[in-house]
Amino acid sequence: SRAYNHPDRVAPGKRERICAAAARLGYVPDKNASALRRSGTGSLVLLERAGHAAHRDSRIYKWFYSDMIRGIREALDRSMLQLNLFTYSQIAEIEADPRRALGDGVILHGESEGEGETELVRLLRQRGQPYVFCGQLPLADGIQSVHTDNHLGGEEAARAFLAAALSRPAHVSSALADNPICAGRWEGFRRGMAGRD
């Protein structure tokens, strides 16, 4: 039970032996039963504002979200948690829903400059809902968040580009004048290229 519910509390070698034995016996843990035992939902919720993935760069987000969801699922497959998706248009929709509708924890994904993000975090805190905010830009201090460092990402892309012995990129970023995220990637790429642009 501990190997599946709290893998961090079991030595890696022992957990591998337990999982191998379970596979030989055809044992598959019942995530729903485990959630009932723990008086939880057994799920994490990926919470997204409606329309966020439908803006003008939606062609990018189509592949980005599939990769992101695949990564979350791979991590959850090693636990007793499942992933649910929840889309909202207004914060009032979340206020109206019972706490359990948002699972045992929430992953918020959006743009930190977007309307109402700090209000949403405040609501989740009031409800005692565990959360992490994932965005393009850092939010205010005290908010549990991870964010993309676009400058560093651009630099890393340039290093990989040079390491592959390439010299003429076809495309790095777009909308430089309108989008600080894209501009940051471009500046990072230029820095990583060390003046070779």
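Of the contacts in the protein chain with a separation of 6 or more, 65% are accounted for by residues 24 or more positions apart, a contact being defined as heavy atoms within 4.5 Å. The model is predicted, so that local features need pLDDT of at least 70 and side-chain atom pairs count only at pLDDT 80 or more, while totals for chains, interfaces and linings use all residues. Residues are numbered from 1 along each chain as its sequence is written, and side-chain values use heavy atoms, with hydrogens and water left out.

The secondary structure of the protein chain comprises eight helices and five strands. Helices (H or I, at least four residues) and strands (E, at least two) are DSSP runs, numbered from the N terminus. Along the sequence, these elements follow the pattern α-α-α-β-α-β-α-β-α-β-β-α-α. Of the 197 residues in the protein chain, 36% are buried; buried denotes under 20% relative accessible area, exposed over 50%, and partly exposed the range in between (1.4 Å probe, protein chains only).

Strand 1 (residues 43-49) has seven of its seven residues buried and is therefore largely enclosed by the rest of the structure. Both of its faces are covered, with Ser43, Val45, Leu47 and Arg49 buried on one side and Leu44, Leu46 and Glu48 buried on the other. Strand 1 runs parallel to strand 2 (residues 82-88), and seven bridges join the two; strands are taken to pair if DSSP finds at least two bridges between them. Within this pair, Arg49 stands opposite Tyr88 of strand 2.

Two packed helices are described by the angle between their axes and the distance between the axes. The axes of helix 7 (150-163) and helix 8 (180-192) come within 6 Å and cross at roughly 40°. Axes are lines fitted to C-alpha atoms, for helices over the stretch in contact, and angles run from 0 to 180 degrees between N-to-C directions. Helix 7 and helix 8 are therefore oblique to each other, given that angles under 35 degrees count as roughly parallel, over 145 as roughly antiparallel, 65 to 115 as roughly perpendicular and the rest as oblique. Helix 7 contributes Asn150, His151, Gly154, Glu155, Ala157, Ala158, Phe161 and Leu162 to the contact, and helix 8 contributes Ile181, Gly184, Arg185, Glu187, Gly188, Phe189, Arg191 and Gly192. By class, six residues of this contact are nonpolar, six polar and four charged; Ala, Val, Leu, Ile, Met, Phe, Trp, Tyr, Cys and Pro count as nonpolar, Asp, Glu, Lys and Arg as charged, and the others, Gly among them, as polar.

The loop between helix 7 and helix 8 contains Ala165. Ala165 has a positive phi of about 60° although it is not a glycine, and is exposed, with a relative accessible area of 68%.

In the loop between strand 4 (131-135) and strand 5 (145-147) lies Ile143, which is buried at a relative accessible area of 13%. Not counting residues up to four places away in sequence, Ile143 touches Thr118, Val121, Arg125, Tyr131 and Phe133. Ile143 and Arg125 are 18 residues apart along the chain, and their C-alpha atoms are separated by 9.8 Å.

Two glutamates in helices were also examined. Glu119 in helix 6 (residues 117-126) is partly exposed, with a relative accessible area of 38%. Its C-alpha atom is 8.0 Å from that of Ile91, 28 residues apart in sequence. Glu16, in helix 2 (residues 12-25), is exposed, with a relative accessible area of 59%. Glu16 and Ala3 are 13 residues apart in sequence and 9.0 Å apart in space, C-alpha to C-alpha.
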